[in-house]
Amino acid sequence: MQKTISLTACVLLTGAAHAADLNVAIEVPRLSVAEYHRPYVAVWIEGPDRTAMHLDVWYDVKLKDHEGAKWLKDLRAWWRRIGRDLTLPADGVSGATRAPGAYELAFPASHPAIANLAPGEYRLMVEAAREVGGRELIEIPFRWPATEIQRYQAQGQHELGAVAVTVKP
Amino acid sequence: MNRLIGLASVLLGTLAFSTAQAHRTWLLPSSTVLSAPGEWVTVDAAVSNQLFYFNHVPLRADTLEIVAPNGAKVAPQNVSTGKFRTTFDVQLNEAGTYRIAVVNDGVMASYKVGGEQKRWRGRAQDFAKQVPANAEELRVFETTARVETFVTAGKPSELKALGRGLELVPVTHPNDLVAGEPARFKFLLDDQPARDLEVTIVAGGERYRDRPIELKTSTDAQGELEVTWPEPGMYWINASAQDRNTQIEQASERRVSYVATVEVMAP
């Protein structure tokens with residue numbers, strides 16, 4: 001299911017001028033359900049020794065009294081590794097939920113999650129949980145850093161669509 | 001009427017371990033992991049055969065002890081005892097782990113006065129007043145039963161040993177359990193490692209299963225055991241012991257029991 005594709009040629013054509021060191025592409029699928037709520041989504045990196053580096057979390061930030069934070073624990077893998085240690089909302093680490101569509105998240109080399117990342121094997125983790133819906137966790141193994149642009153991808157089954165991580169030298 | 005049911009349930013609760021596990025006592029919290037302080041949980045307290053279905057008698061909450069992460073006692077709210085269960089609410093105003101327990105310490109005595117069979121159940125300090133000095137064929141035993149569960153708002157916090165009776169002390173935090181991962185617990189009896197203690201662990205949801213998921217294991221020389229949870233869900237952990245460590249001189253033995261309900265998350 002998970003594929004490693006070297007996209008050097010493609011990137012040369014499209015231009016790598018805006019090179020960020022880590023790019024994450026997440027597709028929020030359009031679902032045909034009676035009651036739809038946008039999913040809560042968390043994105044993080046896990047190291048071989050279970051160390052976890054937070055990248056982003058989308059949740060309902062608009063509810064009064066920060067009530068949207070109540071369901072953060074439903075992102076249960078993220079909650080256990082990272083969420084329960086964070087104070088939210090916080091600039092740069094959390095944002096609003098997103099409608100169905102394809103999203104690109106760019107994390108520059110200076111981002112605290114990757115700035116001091118030692119070379120090695122890691123996993124990109126994307127977890128989605130939806131009110132009156134399901135929950136899905138996608139893990140994509142990747143190698144850090146890269147000598148040429150590396151793209152790794154996986155396909156979600158119900159709460160997530162295509163998910164990809166691109167590592168740029 | 002409630003009073004009668006309540007007394008019956010308390011008796012059943014403390015007698016359960018002495019009558020070959022006739023019934024199981026348990027607490028069932030609505031959630032065990034909450035995002036932040038300020039939220040509420042509601043807890044069912046009952047005695048039944050199948051876990052966790054309230055279909056027999058309620059477990060009375062008269063001896064409820066709720067302890068906040070900072071050690072403060074917390075009062076339950078909206079306590080109600082019905083035909084099958086007691087329910088109560090707890091507001092988790094502090095970040096960390098709450099310990100919610102029903103603790104029954106008592107003395108049971110059977111004796112004869114003038115040939116007439118008598119029974120008494122009460123607190124150790126009332127024994128001398130309630131059981132006449134001329135009681136014949138006096139048989140006394142003490143019971144200490146703790147039925148508890150754990151609930152965490154935010155990050156799990158340390159749970160300190162209580163130092164009395166039989167208790168589970170986390171090596172793995174009881175609100176940090178995941179199916180397929182091993183968890184380690186230590187059992188203490190009066191603050192000492194409970195070695196070679198037989199511990200029974202039963203998964204909830206028994207109504208929809210042909211075979212109960214029941215794990216029997218024993219503690220090692222350090223009083224510790226390890227369990228790998230076969231599937232997510234609520235689990236009932238039970239152990240009991242007998243010794244002669246009694247408060248009352250006339251008591252022949254002490255029966256100590258422990259129950260914890262823990263939730264195991266899906267990975």
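Biologist: What is the area buried between chain A and chain B, and what share do carbon and sulfur atoms give?

Modeller: In this predicted model, the buried area is about 1,000 Å², and carbon and sulfur atoms give 43% of that area. Contact across the interface involves twelve residues of chain A and 14 residues of chain B.

Biologist: What makes the pair A:Arg80 and B:Asp176 a salt bridge?

Modeller: The N to O distance between the two side chains is 2.5 Å. The rule asks for a side-chain nitrogen of Lys or Arg within 4 Å of a carboxyl oxygen of Asp or Glu, so the pair qualifies. Across the interface of chain A and chain B, the rule finds five salt bridges.

Biologist: Which element gives the most to the side of chain A that touches chain B, and how is that side made up by class?

Modeller: Helix α2 (residues 76-81) of chain A gives the most, with three residues. By class, that side of chain A has eight charged, four nonpolar and no polar residues. Between the two chains, ten residue pairs are in polar contact, with both residues at pLDDT 80 or more.

Biologist: Why are β5 and β8 of chain A said to stand at the edges?

Modeller: The open sheet has five strands in the order β5-β4-β3-β7-β8 (chain A), with mixed pairing. β5 (94-96) and β8 (135-144) each have a single partner strand, so one side of each is left without a neighbour in the sheet. From one strand to the next, the twist averages 15 degrees.

Biologist: What makes β7 and β8 of chain B a pair, and how many residues lie between them in the hairpin?

Modeller: Three bridges join β7 (residues 77-81) to β8 (residues 86-92), against a requirement of at least two, so these antiparallel strands count as paired. The hairpin has four residues between the strands. B:Ser80 has B:Thr87 in β8(B) as its bridge partner. Strand β7 of chain B also holds B:Asn78, which has a positive phi of about 55 degrees although it is not a glycine.

Biologist: Where are the residues joined by cis peptide bonds?

Modeller: One such bond joins A:Trp144 and A:Pro145, with omega about -10 degrees; A:Pro145 is in the loop between β8 and β9 (150-155) of chain A. Another joins B:Leu51 and B:Phe52, with omega about -10 degrees. B:Phe52 is in the loop between β3 (39-48) and β4 (57-58) of chain B.

Conventions. Residues are numbered from 1 along each chain as its sequence is written. Chains are lettered from A and ligands numbered from 1 in the order in which they are written. This is a predicted model: local features need pLDDT of at least 70, side-chain atom pairs count only at pLDDT 80 or more; totals for chains, interfaces and linings use all residues. Side-chain values use heavy atoms; hydrogens and water are left out. Contact means heavy atoms within 4.5 Å. Buried area is the accessible area (1.4 Å probe) that two parts lose on being put together, summed over both. A polar contact is a pair of N or O atoms within 3.5 Å; within protein, one must be able to donate a hydrogen and the other to accept it, and residues adjacent in sequence count only if both atoms are side-chain atoms. Ala, Val, Leu, Ile, Met, Phe, Trp, Tyr, Cys and Pro count as nonpolar, Asp, Glu, Lys and Arg as charged, and the others, Gly among them, as polar. Axes are lines fitted to C-alpha atoms, for helices over the stretch in contact, and angles run from 0 to 180 degrees between N-to-C directions.
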